[in-house]
Amino acid sequence: MKTIVMTGGTRGIGYGMAKAFLARSCNVAISGRTPEAVAQALARLADPGPAERILGVPCDVRDFAQVQGLWERCRDHFGQIDIWINNAGTGGEHGKIWEASPESARQVVETNLLGTIFGSQVAVRGMLDQGGSDLYLMEGGRDSPDCCAGGCPATWDGHHGSGYRPIPGPPPGLGTREKGVQHHCRYC
Ligand SMILES: NC(=O)c1ccc[n+]([C@@H]2O[C@H](COP(=O)([O-])OP(=O)(O)OC[C@H]3O[C@@H](n4cnc5c(N)ncnc54)[C@H](OP(=O)(O)O)[C@@H]3O)[C@@H](O)[C@H]2O)c1
């Protein structure tokens, strides 16, 4: 039985993935910024459940300590984490960029970029400790035909989370395949 942990998951794609994983007999952990949203999502997922395969942990991905806490809580609860999905993200305010508030812009960058980096740092360290697993990233765009063609050569500078063009080159910080950690972006 595989254990899947995702950032976000109180609604949207993450919530849908949680339901799908549960239906495939996986353990699933979801998260979100507030205990209330997590509890509401958990209650919906618990029917049909089964509840014992679901865990909900409040976690704001903009805070490294909370992301580390998410890993540790899920590992302690389920024993091992097989798949970590950096799913939490936001598009910010709808409308024109020059009309968006500074706080909205900050939230987009911190959630999508910093949150994805924190999630990857925490997950890869934990995976290396436990001897492998899979890491998925929901952010980013396929701006280059090179992307993922030879093992996702994009770098943090351009690809994951920022929406800018990926920078081709050797796999950077996520070049951990040889140690059993597989990295997938949403186009892999
Ligand atoms: N929808 C699309 O067409 C699309 C396309 C490509 C990629 N994506 C990416 O796929 C992911 C999911 O998209 P979606 O459409 O499902 O988004 P969504 O419906 O807006 O859901 C976002 C999820 O992320 C959580 N979240 C937001 N900020 C967070 C934070 N700071 N810390 C922790 N959790 C946070 C939200 O939980 P709370 O609000 O409860 O905190 C919610 O569960 C995002 O990363 C998005 O960029 C979406």
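Trainee: Where is the place of Ala-23, and why does Ala-23 count as exposed?

Mentor: Ala-23 lies in helix H1, where helices (H or I, at least four residues) and strands (E, at least two) are DSSP runs, numbered from the N terminus. A residue is called exposed if 12 or fewer other C-beta atoms, placed from the backbone, lie within 10 Å of its own, buried if there are 20 or more, and partly exposed in between. Ala-23 has 9 such neighbours inside 10 Å, so it counts as exposed. Please keep in mind that this is a predicted model, in which local features need pLDDT of at least 70 and side-chain atom pairs count only at pLDDT 80 or more, while totals for chains, interfaces and linings use all residues. Residues are numbered from 1 along each chain as its sequence is written.

Trainee: What makes Ser-25 exposed, and which value of Ser-25 is positive?

Mentor: Ser-25, in the loop between H1 and strand S2 (27-32), has 10 C-beta neighbours inside 10 Å and therefore counts as exposed. Its phi is near 70°, a positive value in a residue other than glycine. Most residues other than glycine have a negative phi, and most peptide bonds are trans.

Trainee: Which peptide bond is cis, then, and where is Pro-48 placed?

Mentor: The bond that joins Asp-47 and Pro-48 is cis, with omega at about 25°, and Pro-48 sits in the loop between helix H2 (35-45) and strand S3 (54-58). Although Ala-23 and Pro-48 are 25 residues apart along the chain, their C-alpha atoms are separated by 9.2 Å.

Trainee: Why is Gln-107 called partly exposed, and what does Gln-107 touch?

Mentor: Gln-107, which belongs to helix H4, has 16 C-beta neighbours inside 10 Å, so it counts as partly exposed. Leaving out residues up to four places away in sequence, Gln-107 touches Thr-90 and Gly-92, where a contact needs C-beta atoms within 7 Å.

Trainee: Which residues come nearest to the ligand?

Mentor: Of the 24 residues around the ligand, the nearest are Gly-8, Gly-12, Gly-32, Arg-33 and Gly-89, and membership requires a C-beta atom, placed from the backbone, within 6 Å. Strand S1 (3-9), helix H1 (12-23) and helix H4 (102-130) are the elements that give two or more residues to this shell.

Trainee: What makes the largest nonpolar core a core, and which members touch the most others?

Mentor: Such a core is a set of buried Ala, Val, Leu, Ile, Met, Phe, Trp, Tyr and Cys residues joined through C-beta atoms within 7 Å. The largest one has 35 residues, of which Val-28 and Cys-74 touch the most other members. Not counting residues up to four places away in sequence, Cys-74 touches Val-5, Ala-29, Leu-55, Val-57 and Ile-81. In soluble globular proteins, nonpolar side chains tend to be buried together.

Trainee: How do the axes of helix H3 and H4 cross, and which residues make the contact?

Mentor: The axes of helix H3 (residues 64-78) and H4 come within 9 Å and cross at roughly 35°, where axes are lines fitted to C-alpha atoms over the stretch in contact, and angles run from 0 to 180 degrees between N-to-C directions. The contact is made by Phe-64, Val-67, Gln-68, Trp-71 and Arg-75 of H3 together with Phe-118, Gly-119, Val-122, Ala-123 and Gly-126 of H4.

Terms used:
Two residues are in contact if their C-beta atoms, placed from the backbone, lie within 7 Å.
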